[in-house]
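Hi,

Here is the structure I promised to pass on. Have a look at it first, and my notes on what turned up follow below.

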Amino acid sequence: GVVVKGKTGFELSEVLIPIAYGLIAIVVSMLICWSGQYPAGSETMLHIYRGNVVYEAVQNGNLFPLYDAAWYSGSEVLPYSAPLPVYLIALCQGIAGGDCLDGYLLFAGILFFMGALIWWRIGVRRKRPYLGAFLGLLWFFMPHNLYVFFMEGDLPRAVTMLFLPWLISSVYEYVKEGKWT
């Protein structure tokens, strides 16, 4: 491949690949929006609701809401869910101006972008950046990932799937080379 290095010594692909991923993430979010079939998934609205509860609680100064009086005549907000995905959904809602459905679209774009970026960084670490970049493009569209996100609507598990490639790569490096990254 053609390697273009600037005066600082970084490759042009170090800038272009994340930009391309960002543009593709915008397209993915727009396609989901234009489909008119969002939010899809049997659990999606539950997770969007939890994100909305957290968003509103944070707006009122409560950084970790424990209880939601409107849910089943009173229930815990995060009884069986990790807080990271719910807070990420709430952050996306905040960035989207408080609209939970626009936040969902942003959340989908971020999932694509982060999943692709992780695969690309694994490729860079293995000295195969273009293979990593290609795998990054495919990761969001893998059948299991699409099923989890669009059919089940299990948004916390979709976030967990972001970390799976990194975890497997790190375990491989630890076993093969004896170092943990």
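Accessible areas here come from the Shrake-Rupley method with a 1.4 Å probe, and for residues only the protein chains shown count as cover.

Two notes before you read on. This is a predicted model, where local features need pLDDT of at least 70 and side-chain atom pairs count only at pLDDT 80 or more, while totals for chains, interfaces and linings use all residues. Residues are numbered from 1 along each chain as its sequence is written, and side-chain values use heavy atoms, with hydrogens and water left out.

**Overall layout**

The protein chain has seven helices and two strands (DSSP runs numbered from the N terminus: helices are H or I with at least four residues, strands are E with at least two). Reading from the N terminus, the order is α-α-β-β-α-α-α-α-α. The C-alpha atoms fill a box of roughly 60 × 40 × 35 Å along the principal axes. Of the 181 residues, 36% count as buried (buried is under 20% relative accessible area, exposed is over 50%, and partly exposed is in between, with a 1.4 Å probe and protein chains only). Taking contacts between residues at least 6 apart in sequence, 64% join residues at least 24 apart (a contact means heavy atoms within 4.5 Å).

**The cores**

What sits in the middle of the largest nonpolar core, going by contacts inside it? The residues with the most are Ile32, Tyr104, Phe107, Leu111, Phe140, Phe149 and Leu155, out of 21 in that core. Helices α1 (13–35), α3 (83–95), α4 (100–125), α6 (143–152) and α7 (155–177) each supply at least two of its residues, and α4 gives the largest share, eight residues. By a nonpolar core I mean a set of buried Ala, Val, Leu, Ile, Met, Phe, Trp, Tyr and Cys residues joined through side-chain atoms within 4.5 Å.

Leaving out residues up to four places away in sequence, Phe140 touches Val28, Ala108, Leu111, Phe112, Asn145, Leu146, Phe149 and Phe150. There is also a second, separate core of seven residues, including Val53, Val54, Val77 and Leu78.

**A nonpolar patch on the surface**

Val15, Ile19, Leu23, Ile26, Val27, Met30, Leu31 and Trp34 form a nonpolar surface patch, with about 780 Å² of accessible area together. Patches are built from residues with over 30% relative accessible area and no salt bridge; like charges are joined within 9 Å, and nonpolar side chains (Val, Leu, Ile, Met, Phe, Trp, Tyr) within 5 Å. Ile26, one of the patch residues, is found in helix α1 and is partly exposed at 48% relative accessible area.

A search of the whole structure finds four salt bridges (a side-chain nitrogen of Lys or Arg within 4 Å of a carboxyl oxygen of Asp or Glu). As a reminder, side chains of opposite charge can pair when their charged atoms come close.

Glu173 takes part in two of the ones I looked at. The Glu173 side chain meets Arg125 at 2.8 Å, N to O, which links helix α7 to helix α4 across 48 residues. Glu173 also meets Arg126 at 3.6 Å, N to O. Because Glu173 lies in helix α7 and Arg126 in the loop between α4 and α5 (129–139), this pair ties together parts 47 residues apart in sequence. Glu173 is buried at 3% relative accessibility, whereas Arg125 is partly exposed at 31% and Arg126 is partly exposed at 30%.

Elsewhere, Arg157 and Asp154 form a salt bridge at 3.6 Å, N to O; Arg157 is partly exposed at 29%, and Asp154 is buried at 17%. Through shared partners, Arg125, Arg126 and Glu173 join into one salt-bridge network.

Ser169 is found in helix α7 and is buried, with a relative accessible area of 7%. The Ser169 side chain makes a polar contact with the side chain of Arg125 at 2.6 Å (a pair of N or O atoms within 3.5 Å; within protein, one must be able to donate a hydrogen and the other to accept it, and residues adjacent in sequence count only if both atoms are side-chain atoms). Not counting residues up to four places away in sequence, Ser169 touches Ile122, Arg125 and Arg126.

Cheers
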